[in-house]
Amino acid sequence: ESFTSGLMLTDTRNGVCRASVTAAFFRIVATTSLLILPFSVFTSPFIQTINVNPTHFNNSNEPTNINDFKLLAYRRQPILLRNLSLIQQWRALNWSISRIEKYLPVVPVYEQHQSNEFITFHDSKPLEGQLSTAKWSDFNLKQNRTMYSLFAKQSMSCVPYFWDFSRKHSCSIPNRDAWYYFSSRTELLGDFWPDLQDDINTSAFQITNTGIQSNVWIGNAGLVTHTHYDASWNFFVQLHGIKEFALISSQTSLPLYPCLHPHIGHTPLSLLESKKQNLFRSVLEDNIVVHIARLHPGDVLIIPPMWFHHVTTLSNSISLNTWTDAPEYTTIHHIYRIPLPFESTWSSKRLLHTALKFLANLCEQLVVKLPSIRCGKKLISQRYDHLFSMDAFRHFSDTEVHAVLALCSSSLSLAIDSEYISSRSRFFLEAFLSLHLDALEIMFHNFIEHVLLTVTSPDSVALVVRHCAHHIEPV
């Protein structure tokens, strides 16, 4: 899950612009059940729903420390763990509403009135000023509410998932005047709740040394967290109530918001809404595999880095998670620190032409190593076409459009010599090839946006991507 808020989270771990498994060591035995559901009677794609069945433990060879959890995490598959003695020892499993209210009687919560689906809107992203209507206050309204207001006696008995119309219309979502969601870093609650850390022990989840952050999540039955990815490992512990996760590999082609957009890391396609599916048909794969994991109190779900996840709160819920940086998170920061092979004294046209040639050269070298990688044209169709189709950006004048079209001449005649570009791109190539395949294409597309912003401006970068990024393809 991923939100930001004043006293609350400030890092959503989704990649800056800059199924149960078999584990012999732990003697984990897992099975999956497969159900194929049609997108509609006449059209594709098809949705394969795979249940992530829980792995049960009896105190024999179960994961208990950092190395054990690291072995599981590096399998890069969703893993649902049940009856871990590590978690059964947590006093947090016995938290009551009255105990939480004792320390947190009034809390700042996200509040929504029109929808039960929450999506993160980051402040100060380059494209924020270019949006036609969406603004920060639409998504980040916070109100002080009592803890008891988050636990109205309402629940829902099913999950309105995806394009499965039979399940979609059988769900009963509670009627509310407002939806509330509270989240906070545990470290920020210490002044209010002095013995909070005594109730939990997340040290075994800290499988890397950077990006360690634990958070508490408290919300109403019926809340939905919009589909997104995080560039970190996520160890998610359910303490009270029931949540259901839908997880999709990052190698699945889904429409995305640009990394320069305030909704970075999210898909614009609501998995609860079927009306807009035709808009994204060109981006969606013909066969989408969705892993479904239902968490009960005491369960631990390991979510791999970059995997899309969509979360439905089936009953009033208290959860805790720990993020820790995946290698791709630190690698992309390293990539952004490598100097770009451009000179500030060049003309704007030479800068853009050279940047496009540089990115095309890097794309070509990546495709030689990994033929499945797609570059500029996919970036346009996956991240920008839908925003222009929905008039999500401000109106761009004919003068602005013609100016960009004039910059993107077919020959890129002002680009600096390609041998120079090729020699400088090897440092970037080595870093990108070190990324896990789950992250490589998304991170490369983020990098393309980052580079094009560097040589243009926030006012023009959306037009430049849409009309010029088609040059970023293998020769």
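These entries record what I looked up in the structure above.

**Model.** I worked from a predicted model, in which local features need pLDDT of at least 70, side-chain atom pairs count only at pLDDT 80 or more, and totals for chains, interfaces and linings use all residues. Residues are numbered from 1 along each chain as its sequence is written, and side-chain values use heavy atoms, with hydrogens and water left out.

**Fold.** I found 13 helices and 16 strands in the protein chain; these are DSSP runs numbered from the N terminus (helices H or I, at least four residues; strands E, at least two). I then traced an open sheet of nine strands with mixed pairing, in the order β3-β4-β14-β11-β16-β9-β8-β5-β7. Two strands pair if DSSP finds at least two bridges between them. The edge strands, each pairing on one side only, are β3 (55–56) and β7 (142–146). Strands β5 (residues 106–112) and β7 run antiparallel and are joined by five bridges.

**Salt bridges.** I took a salt bridge as a side-chain nitrogen of Lys or Arg within 4 Å of a carboxyl oxygen of Asp or Glu; the count comes to twelve. In one of them, Arg 91 meets Asp 199 with the closest N and O atoms 2.8 Å apart. Arg 91 lies in the loop between α2 (85–88) and α3 (97–103) and Asp 199 in helix α6 (residues 196–199), so the pair ties together parts 108 residues apart in sequence. Asp 199 also forms a salt bridge with Arg 99 (2.8 Å, N to O). I noted a network of salt bridges linking Arg 91, Arg 99, Asp 195 and Asp 199.
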